[in-house]
Amino acid sequence: MSELIPRFFIGGSVVSLFAVMGGILKPTSFAGLFGAAPSVAIATLGLAVAKEGNSYAGVECRSMVGGAAALFLFSVAACHLILHFRIRAWIASLISLGLWAGAAFVLFHLLN
Amino acid sequence: MIIKIDISALKESKWQDYAIRFVFGGLVTVATGIIAKKAGPAAAGLFLAFPAIFPASVTLVQREAAERKARKGLRGEERGKDAAADYSAGAALGSLALLLFAAWGWSFLPSYPAPLVLVSALVVWMIASGALWFGWKRFRWRR
């Protein structure tokens, strides 16, 4: 429990920082790059290295390759749902999240 | 294709929007730690690329674009969705760069000092995402 609170604040701060950076950049598509920024990764890998060491963090990065590929599918799906089906952004995100989960699950088993 | 920094855009957002992203980012980081403890680093690693920023940010982009149009007396809903689609396209490119970030960490973390690897991985992400965006814009313009 004692490590969860600093983890919450570190993670929240790093994610917020990247979100703010995305919020002040134009055009919108360039700001969108920050929607896939390594915010959670930076916070978590930093904590993992401090607590468990480099090799542990390296294993996390291996799986992250699968997560990033799933994130690509998520983003493409959300884009198509909004652009072609004119679905609201939050609904498109929710639907695409299911795709992320499925793709991440498959890629996890391929990578490990 | 000019990239601009618009600080005034921060005023368009409400404090609740920042709070949501802070809380969500914190929760995802905590959840990743718990997953790592229960299921190991391989399972937790997937969540390093969890779309933590995207849902709140894309919703905000849609809303703000629609509101800007509405202030001019026009219907903003379609403009909002176009802006959200643009944001999503950018996120797709960013996620390809994120793949490089992850591969960089996977390759070099076991052998080199962590601060050097993480900082250089971040630089790789920035360069790759920028290059992909410029290439995509050029390709789109040519079509």
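Is Ile10(A) buried, partly exposed or exposed, and what is its relative accessible area? In this predicted model, Ile10(A) has a relative accessible area of 35%. That value lies between the 20% and 50% cut-offs, so Ile10(A) counts as partly exposed.

Now place the residue. Ile10(A) belongs to helix α1 of chain A, which covers residues 4-24. Set aside its neighbours within four places in sequence, and Ile10(A) is in contact with Ala43(A) and Leu47(A). Ser39(A) is 29 residues away from Ile10(A) along the chain, yet their C-alpha atoms are separated by 10 Å.

Next, look at the backbone of chain A. Most peptide bonds are trans, and most residues other than glycine have a negative phi. Two places in chain A deserve a look against that background. Lys26(A) and Pro27(A) are joined by a cis peptide bond, with omega at about 5°. Pro27(A) sits in the loop between β1 (25-26) and α2 (28-32).

The other place is Arg86(A). This residue is not a glycine, but its phi is positive, at about 55°. Arg86(A) lies in the loop between α4 (54-85) and α5 (89-111) of chain A. Its relative accessible area is 25%, so Arg86(A) is partly exposed.

Finally, turn to chain B. Gln62(B) is part of helix α4, residues 54-71 of that chain. Its relative accessible area is 9%. Buried means under 20%, so Gln62(B) is buried. What does Gln62(B) touch, not counting residues up to four places away in sequence? In chain B, Gln62(B) touches Gly80(B), Lys81(B) and Ala84(B). From chain A, Arg88(A) and Ala89(A) also touch Gln62(B).

Definitions and conventions:
Residues numbered from 1 in each chain as written. Chains lettered and ligands numbered in written order. Predicted model: local features only at pLDDT ≥ 70, side-chain atom pairs only at ≥ 80, totals over all residues. Heavy atoms only, no water. Helix = DSSP H or I, 4+ residues; strand = E, 2+ residues; numbered from the N terminus. Buried < 20%, exposed > 50% of the residue type's maximum accessible area, 1.4 Å probe, protein only. Contact = heavy atoms within 4.5 Å.
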